[in-house]
Amino acid sequence: MNAEIRTLEESDVADWVRAQYTGFHIAPSADAQEVEARRSMIDLARTRGAFDRGRCVATFRSMPRELTVPGGAGVPASAITNVAVTATHRRRGLAARMMAADLADAMERGDVASILIAAEYPIYGRFGFGPATWVSNWEIDVPRAALDDRYAGPEDGGRVDMATLAELGEFGPGVHDRLRARTPGAIDRPPLWWRRTTGELRLHGWKERFCAAYRGPDGRVDGFVLWDVQDHPWPGKLPRVELSVADLTAATDAAERALWRFLLSMDWITLITTGYRAPDDIVPLLLGDPRAARTEAHADFLWLRLLDVPAALTARHYAGPATGLVLEVRDEVRDGAGTAAGPAAGRFLLETDGKGAASCVPTSAPADLSLSAADLGCLYLGDESAVRLAVLGRVAEHREQAARTADTLFRTPRRPWCPDVF
């Protein structure tokens with residue numbers, strides 16, 4: 001079997017959506033309305049399919065995103081999604097061929113990195129991606145949270161009010177932009193994201209959610225939260241109601257505290273599921289009894305692959321004194337038929353000025369550290385430790401204490417976090 005890999009024509013969209021739904025076990029087919037909605041979301045020039053005898057058997061697409069890096073700068077990234085191979089055509093190199101083509105296009109566009117959210121851990125390391133952010137999800141036993149039940153609202157002069165989804169469409173984008181400016185790992189939310197969230201565009205499984213907004217003392221909206229509620233039978237007339245947070249976005253610390261406290265103070269709610277949050281989120285320590293928050297999940301989330309190492313390393317800020325560090329990066333790109341040197345391969349001199357800024361250029365100087373492109377992806381946003389990777393044998397030190405120097409430079413005070421699935 002030699003399937004044809006190509007970008008889509010208009011006539012391919014329905015078959016491509018069917019293949020995507022099949023690959024993700026959503027449904028064996030999609031109706032015309034669903035196909036039309038999906039078509040509005042995709043750029044045909046960035047959407048690929050594998051076709052065997054005229055039938056789509058694998059899907060792949062990417063989208064432009066801006067990724068926040070430590071220091072607050074945004075870099076252009078290619079966000080990969082909808083990667084699926086029909087069970088009848090697995091292990092034939094189709095995903096590798098589509099990935100190689102998309103990475104080549106991303107480099108041609110000048111993207112600094114490619115990002116994705118991995119459905120399974122073992123797949124994407126071989127393409128040069130490494131887990132750059134992690135998430136945690138807590139289940140909070142509200143009656144055990146040990147919070148003051150006399151709470152009646154923020155005491156800082158702000159307020160929490162219910163909001164409609166139409167209102168969210170007006171104030172939400174600005175709040176999110178403020179959050180991502182201070183959150184390494186966050187990405188921008190294009191207009192399509194807000195259309196889907198507010199219900200202007202309704203796809204399979206859409207549900208209207210409750211919404212509330214926090215306004216600071218100056219009246220500005222500084223945060224919002226979206227949630228669902230599931231009411232279970234009440235044994236002995238005791239409430240048993242579960243609240244699931246779909247999105248809590250806060251541009252200030254006060255807004256974050258106020259919105260969580262608002263949710264925790266609701267009548268009848270006995271269990272809150274936080275949804276995916278940063279691993280060092282304030283939730284457990286916000287409670288009077290942090291043990292009331294049980295970790296339901298802790299896992300890798302955003303995977304990152306650098307395409308332009310000098311541009312990527314120059315864009316972010318660094319801690320510690322002025323210093324230089326030479327990184328030797330191993331990188332290969334697989335296309336299903338073989339391998340070739342990848343875009344991150346080479347030796348690079350990173351020089352920091354002790355004030356956060358840096359420069360990065362190719363060099364022939366001896367390496368201080370050598371590592372794979374995937375492991376550089378793990379380090380880039382500041383979450384992973386070069387010292388830990390050295391213990392694992394994944395980073396090699398060629399100069400004493402080089403891994404510690406890398407940790408001093410790369411690590412961030414708070415862990416990076418990507419709030420969005422894409």
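Select Arg90, Arg91, Arg126 and Arg334 to begin: in this predicted model, these four arginines form a surface patch of positive charge. A residue can join such a patch only if its relative accessible area is over 30% and it has no salt bridge.

At a relative accessible area of 74%, Arg91 is exposed.

Keep Arg91 selected and look at its backbone. Its phi is positive, about 60 degrees, although Arg91 is not a glycine. Most residues other than glycine have a negative phi.

Which other residue has a positive phi, of about 70 degrees, although it is not a glycine? Select Gln401. Gln401 is in the loop between strand E21 (396-397) and helix H11 (402-410). With 40% relative accessibility, Gln401 is partly exposed.

Now turn to pairs of charged side chains. Side chains of opposite charge can pair when their charged atoms come close. The count of salt bridges here is 28, for which a side-chain nitrogen of Lys or Arg has to be within 4 Å of a carboxyl oxygen of Asp or Glu.

Select Asp253 and Arg182. They form a salt bridge whose closest N and O atoms are 3.4 Å apart. Asp253 belongs to helix H6 (residues 253-264), while Arg182 is in the loop between helix H4 (165-181) and helix H5 (191-198), so this pair ties together parts that are 71 residues apart in sequence.

Next, select Arg189 and Asp247. Here the closest N and O atoms of the salt bridge are 3.1 Å apart. Arg189 lies in the loop between H4 and H5, and Asp247 is in strand E11 (residues 241-250), so the pair ties together parts 58 residues apart in sequence. To see these side chains, hide any surface. The relative accessible area of Arg189 is 8%, so this residue is buried. Asp247 counts as buried as well, at 9% relative accessibility. The cut-off for buried is under 20%.

Move on to Arg388 and Glu384. This salt bridge has its closest N and O atoms 3.0 Å apart. Glu384 is buried, with a relative accessible area of 12%.

Finally, zoom out and colour by secondary structure. The protein has 11 helices and 21 strands. Its radius of gyration is 23 Å, close to the 22 Å given by the globule rule for 422 residues, so the protein is as compact as a globular protein of that length. Along the principal axes, the C-alpha atoms fill a box of roughly 65 × 60 × 40 Å. What share of the 422 residues counts as buried? The figure is 51%; Arg189, Asp247 and Glu384 are among the buried residues.

Definitions and conventions: Residues numbered from 1 in each chain as written. Predicted model: local features only at pLDDT ≥ 70, side-chain atom pairs only at ≥ 80, totals over all residues. Heavy atoms only, no water. Patch = residues over 30% accessible without salt bridge, like charges linked within 9 Å, V, L, I, M, F, W, Y side chains within 5 Å. Areas by Shrake-Rupley, 256 points an atom, 1.4 Å probe, with all protein chains shown as cover. Lys, Arg positive; Asp, Glu negative; His and termini not counted. Charge placed at Lys NZ, Arg CZ, Asp CG, Glu CD. Helix = DSSP H or I, 4+ residues; strand = E, 2+ residues; numbered from the N terminus. Buried < 20%, exposed > 50% of the residue type's maximum accessible area, 1.4 Å probe, protein only. Rg over C-alpha atoms; globule rule 2.2 N^0.38 Å.
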